[in-house]
Each structure stands twice: as C-alpha cells, then as structure tokens.
Amino acid sequence: MKRTVTALSVIALLFISMSCKEKATTKIVADNVETATERDEVAKKIPVMSFDKSEHDFGQIVQGTPQETIFTFTNTGDAPLIITDAKSSCGCTVPQYPKNTPIAPGASGEMVVKFNGAGQNQVTKTITVTANTQKGSELLRIKAFVNPKGAAPSGPVKS
C-alpha cells in the first residue's frame, strides 16, 4: 500500500513539475499591458480643490440679520472635480454649490454660504465640502460676533 501511495505521489509531482515549466512571459498579452498602463495613468490624475479663502469673518452683526459670503474655488488638479455634498455644522448656515457638476482642470466655481444671523456672542460655523479629491473633503469656516437686537455693540471690534 505504501508503495502505491509513493508511486502515485511521484507521478503527481512529475505531472505538476512538467506543467509549470511553461514560461510566464509567453502568457502575457501586449494589449492587456497597454490597457493596464493607461488605466494606471488615469488613476494617478486627481482633482485638487483650491479655495481663495478657507474662513470668512462677518465681523459684528445684529442677531437675526442674514449674512452671505462667497467662497471661490479652482480645480488646480488634472482631473474633473465633482462636489457631491456640502453640509454645515448647523441648520442656520446653508451652502449652495454646483452639486455633481464636473469642473474641468483650471476652471473655477463658487460656493455661496448663507448664515441667518442666529446665536449670541462669538459664533463659528463650519461647512464640510465632500468632493472627489485625494483628501475627500475640505473644511470652510464662517464666524461672526452676534449682538442681541437693540443692544449696543460689544465684544471685539473688527477694524
């Protein structure tokens, strides 16, 4: 019985070693290599979202007074930029942006941020912009010193 198992093992090893002698380089298809190279080059191209500013200070405002600012951005990368979402840290701040619209390399766009003037004293809100960049998201900030209605301005004075 041992001789039969040994003989079968030797035959199996010979069969396996014979099938592995074929060179791997003969199996490579040149068209597949070119396609893979092109795919890899395209994958290296990514959009880059560059803003003119990352923070805006409205200064002192009266409570409940709506405010608005524009964050201008440019795609400084080498692939189309697509903004998929923009969310603020509070319902009192609303971003408007070109959702799911490709922005070509070198092109610019605008994100309008509206703030309803809610809160008291120093207020800071953030806007998280989700896009197809390498980081995946960008962070913008707005701030203001909100004075109650009818009150004299207090707090830091913006010069």
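This is a predicted model: local features need pLDDT of at least 70, side-chain atom pairs count only at pLDDT 80 or more; totals for chains, interfaces and linings use all residues.
Aromatic rings first: I call two rings of Phe, Tyr or Trp a pair if their centres lie within 6.5 Å, and stacked if the planes are under 30 degrees apart. By that rule I get two aromatic pairs.

**Rings**

I looked up Phe58 and Phe115, which form one of the pairs. Their centres are 6.3 Å apart, and the planes make an angle of 15 degrees, so this pair goes down as stacked, given the limits of 6.5 Å and under 30 degrees. What does the contact link? Phe58 belongs to strand S2 and Phe115 to strand S6, so the pair ties together parts 57 residues apart in sequence.

Buried or exposed? I checked both residues. Phe58 comes out buried, with a relative accessible area of 13%. Phe115 is buried as well, at 2%.

I find the charged end of Lys53 over the ring of Phe71, 5.3 Å from the ring centre.

**Salt bridges**

How many salt bridges does a search of the whole structure find? The search turns up four.

Lys143 with Glu55: the side chains meet in a salt bridge, 3.2 Å from N to O. Lys143 sits in strand S8 (residues 137–147) and Glu55 in strand S2 (residues 55–62), so this bridge ties together parts that are 88 residues apart in sequence. On accessibility, Lys143 is partly exposed at 27%, and Glu55 is partly exposed at 35%.

Glu68 with Lys114: another side-chain salt bridge, at 3.9 Å from N to O. That still passes, because the cut-off is within 4 Å. Glu68 is placed in strand S3 (residues 67–75) and Lys114 in strand S6 (residues 108–115), so the two partners connect parts 46 residues apart in sequence. I have Glu68 as partly exposed, with a relative accessible area of 49%. That value stays in the middle class because exposed means over 50%. Lys114 is partly exposed too, at 35%.

Where does Asn100 lie? I place Asn100 in the loop between strand S5 (93–96) and S6. Its relative accessible area is 46%, which puts Asn100 among the partly exposed residues.

Asn121 lies in strand S7, which covers residues 121–131. I note Asn121 as partly exposed, with a relative accessible area of 45%.

Key
Residues are numbered from 1 along each chain as its sequence is written. Side-chain values use heavy atoms; hydrogens and water are left out. Helices (H or I, at least four residues) and strands (E, at least two) are DSSP runs, numbered from the N terminus. Buried means under 20% relative accessible area, exposed over 50%, partly exposed in between (1.4 Å probe, protein chains only). Rings of Phe, Tyr and Trp (its six-membered ring) pair if their centres lie within 6.5 Å; planes under 30 degrees apart count as stacked, over 60 as edge-to-face and the rest as tilted. A charge sits over a ring if NZ of Lys or CZ of Arg is within 6 Å of the ring centre and within 35 degrees of the ring normal.
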